[in-house]
Amino acid sequence: MKKKSIFLTMFIGALILGSCQKKSEEVATPTLEVAEHNSTLIAKHTWIGCGACGAWAFEQFANSIENNPNEVYIAFKQGDIGEFANQAIYDHFQAAFEIPTATPTFHNNLNADIDISTAQSAQEAAGVVMNANYTMELDGDKIKLHTTTKFFQTSEGRYRITPLLIIDNIIAPQAAHPDTTNTRHKKVPVDVAAPIGGVTEPSYDGYLIASGDIKAGYTVNLECEVDRDPSWATEDISFAILMFKENSDGSLEFVNAFTK
Amino acid sequence: MLSRSKMKSTFLTLLFLCTFALSFGQIEFGPKAGYNQVFVSFSASNAPEVSGNGFNSGVFLQKDLTDKLYVGGEFLLSLRTYNEELSFDETVDNIRVRSESFVYRAPLYLDIPVFVKYAMNLSASRYSSDKLLSFYAGPQASIYMTGSGSSHETTIVELLDQITVEPTDVDFTKPELKEYFSPFHMGIVAGVQFSLSAGLNFDLRVTRSLISTNRNNAMDEYGKVNNTLLQFTVGYNIFGSKY
């Protein structure tokens with residue numbers, strides 16, 4: 001009996017002494033789910049004083065939104081639509097991506113030389129390098145933006161995200177549009193959110209979120225904020241998270257875009 | 001170093017000789033169980049030494065060849081659990097990325113040591129036996145039976161005065177573990193045993209794997225893996241000669 005007890009005690013003791021899995025003591029930060037998905041950025045450069053922009057181009061952009069609802073849309077707008085930063089954003093992206101100066105100009109993934117299907121095919125061939133997700137919170141005269149960006153492929157280099165504030169239904173003039181001075185402008189970028197904390201100035205080139213050798217699964221949050229105009233209805237506010245790879249000469253290469 | 005197939009054939013020859021020897025005369029047989037302390041080493045120079053533990057239980061067989069020389073063998077189920085810890089810390093362009101990775105592995109082996117034992121009686125007390133103290137050594141075959149394992153990695157990214165902590169948990173499946181662990185490996189065993197006249201014996205041994213315990217095509221970040229095992233067991237001779 002005594003011997004049996006010794007064996008039993010040893011067996012149980014060995015079981016208890018068996019190693020358990022160690023875990024990190026760091027507490028996880030809230031992170032959003034990010035889908036392994038590419039979206040095409042379908043955009044146009046347009047001007048409120050341009051007749052073609054208010055006629056066929058306005059309709060073409062609206063039709064494109066209807067026909068490809070799962071893509072990301074931006075109407076880079078030239079002209080005064082309410083003292084927003086739309087003109088500065090227009091100028092920046094036109095210069096950075098060599099978009100032709102004539103309006104209207106349609107371009108896909110910030111490349112004026114390819115059509116939508118070519119842009120989609122190129123992204124499909126490359127696979128999903130990275131994607132993002134966001135939630136936003138309206139806080140008085142500020143909009144707080146919580147972003148999560150995730151890499152799905154092992155990558156190398158410098159990667160940036162630009163969280164452009166997009167407003168729908170801005171009432172402003174549009175030449176040659178039937179609604180003339182009361183035209184509802186869709187998908188207009190009016191500002192860029194900046195990281196909370198004030199360590200970085202707002203930048204249309206975005207913010208560096210990964211650099212060096214990047215493992216698949218690398219996930220990073222970035223909390224940003226931007227001013228809110230009281231005239232904007234909640235349902236008209238959204239963000240387009242543009243994702244870029246920064247080349248060695250400082251130029252940006254479009255990788256992916258996300259909105260909701 | 002001997003190849004895996006040569007080791008296998010040498011071991012089988014020894015096992016046959018032991019079985020042959022055991023077939024003549026009285027067999028000592030009994031259960032034994034105990035504790036494993038595992039020391040895991042990796043071939044990569046930057047790899048840390050890790051340790052773990054587990055338990056073992058099984059049966060032993062033994063037969064005397066002369067009054068001081070014995071041959072024996074065992075069948076032991078032996079669990080070796082350990083955590084591999086990997087860490088990473090790099091800052092590029094003011095983005096600091098740290099990661100802490102804990103890979104837990106718990107393989108269960110059937111260990112079959114075969115050894116030659118030299119015994120001596122050092123005490124005249126009434127509890128001592130003719131084999132109070134014995135030393136032994138021999139080869140050991142280890143067959144991977146089953147196992148469990150998981151990985152817990154936490155990545156911490158610091159940029160623009162903001163921090164992201166992202167844990168990733170992965171439970172390894174049985175086929176993944178089977179792909180990782182070598183199905184069979186050889187080692188050498190050496191130890192010392194105290195045997196009491198009542199049939200109880202206490203055994204302390206060291207086993208070292210001679211070939212890697214992970215498969216060649218499944219090398220982890222630190223390369224080939226070898227185990228050193230420190231085992232303490234208690235056994236009881238249930239029939240055959242009492243010492």
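Two strands pair if DSSP finds at least two bridges between them. Helices (H or I, at least four residues) and strands (E, at least two) are DSSP runs, numbered from the N terminus. The model is predicted: local features need pLDDT of at least 70, side-chain atom pairs count only at pLDDT 80 or more, and totals for chains, interfaces and linings use all residues. Residues are numbered from 1 along each chain as its sequence is written, and chains are lettered from A in the order in which they are written.

**View 1. An open sheet in chain A.** Strands of chain A form an open, mixed sheet of three, in the order E2-E1-E3. From one strand to the next, the twist averages 15 degrees (axes are lines fitted to C-alpha atoms, for helices over the stretch in contact; angles run from 0 to 180 degrees between N-to-C directions).

**View 2. Strands E1 and E3 of chain A.** E1(A) (residues 41–47) and E3(A) run antiparallel and are joined by four bridges. His45(A) has Thr105(A) of E3(A) as its bridge partner.

**View 3. Helices on the sheet.** H3(A) (residues 56–67) lies across E1 and E2 of chain A, at about 160 degrees to E1(A). H4(A) (residues 86–96) also packs on the sheet, touching E1 and E2 of chain A, and makes about 105 degrees with E2(A).

**View 4. The contact between chains A and B.** Chain A gives 37 residues and chain B gives 38; residues are in contact if their C-beta atoms, placed from the backbone, lie within 7 Å. On the side of chain A that touches chain B, H1(A) gives the most, with eight residues.

Terms used: Contact = placed C-beta atoms within 7 Å.
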